[in-house]
Amino acid sequence: KEDFSVMTIGANGVKQYGNLSSAILAGVEANASMNILRSLNLSSANTYTKDTDHDGRALPLIAPFKTVNHLNYQLKKFVVDLNGIFSAAQSHVNTTLYGERKSQSYTILNTDIGYVFQFNKIAISLNIGLENMLNERYYDHTDIMKIPRVGRNLITHLTIAF
């Protein structure tokens with residue numbers, strides 16, 4: 001192996017990538033949307049990937065099943081969105097060859113409220129959102145070093161279209 005020096009103080013080493021002679025990846029993505037009522041919409045986006053390298057071992061950085069679901073209510077210029085994200089645990093990993101660790105499942109809930117103000121040909125959209133409402137401690141399987149993502153947080157958006 002080649003000797004590399006770390007680029008970050010305290011790092012345990014350097015990731016090195018290389019090509020495999022062959023691998024099998026199979027995945028599916030399913031999206032659905034339906035209007036429950038005239039102003040109420042439910043949508044769902046779902047992804048899953050199955051993988052193996054040329055020797056039947058798990059490949060690194062392959063996300064587990066994930067679903068993102070939105071319940072959206074719109075009345076004239078007022079919009080409310082409630083969404084939930086679920087990611088399954090990833091236990092199909094190869095710790096010895098690729099150094100990857102298993103990851104836990106998580107569920108987070110987010111909400112967003114917005115209103116559009118119209119002034120002649122200028123539209124101003126103001127949104128306020130609360131992400132990770134239940135303050136879940138989580139990380140995605142593909143997050144390097146499994147550092148937890150941000151907890152409960154408040155987001156504001158101001159968009160001006162002219």
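In this predicted model, the side chains of serine 44 and asparagine 69 make a polar contact at 2.5 Å. Serine 44 sits in strand 2, which spans residues 40–53. The residue is buried, with a relative accessible area of 17%; the limit for that class is under 20%.

Two aromatic pairs were found in the structure. One joins tyrosine 106 and tyrosine 138, with ring centres 4.6 Å apart. Their planes meet at 40°, so this pair is tilted; the tilted class lies between the stacked limit of 30 degrees and the edge-to-face limit of 60. Tyrosine 106 belongs to strand 5 (residues 106–119). Tyrosine 138 lies in the loop between strand 6 (122–131) and strand 7 (153–161). The pair therefore ties together parts that are 32 residues apart in sequence. Both tyrosine 106 and tyrosine 138 are buried.

Tyrosine 115 and phenylalanine 117 also form an aromatic pair. Here the ring centres are 4.8 Å apart, and the angle between the planes is 65°. This geometry is edge-to-face, because the angle is over 60 degrees. Tyrosine 115 is partly exposed, at 36% relative accessibility. Phenylalanine 117 is likewise partly exposed, at 35%.

How values were computed
Residues numbered from 1 in each chain as written. Predicted model: local features only at pLDDT ≥ 70, side-chain atom pairs only at ≥ 80, totals over all residues. Heavy atoms only, no water. Phe/Tyr/Trp six-rings, centres within 6.5 Å; stacked < 30°, edge-to-face > 60°. Helix = DSSP H or I, 4+ residues; strand = E, 2+ residues; numbered from the N terminus. Buried < 20%, exposed > 50% of the residue type's maximum accessible area, 1.4 Å probe, protein only. Polar contact = N/O pair within 3.5 Å; in protein donor to acceptor, adjacent residues only side chain to side chain.
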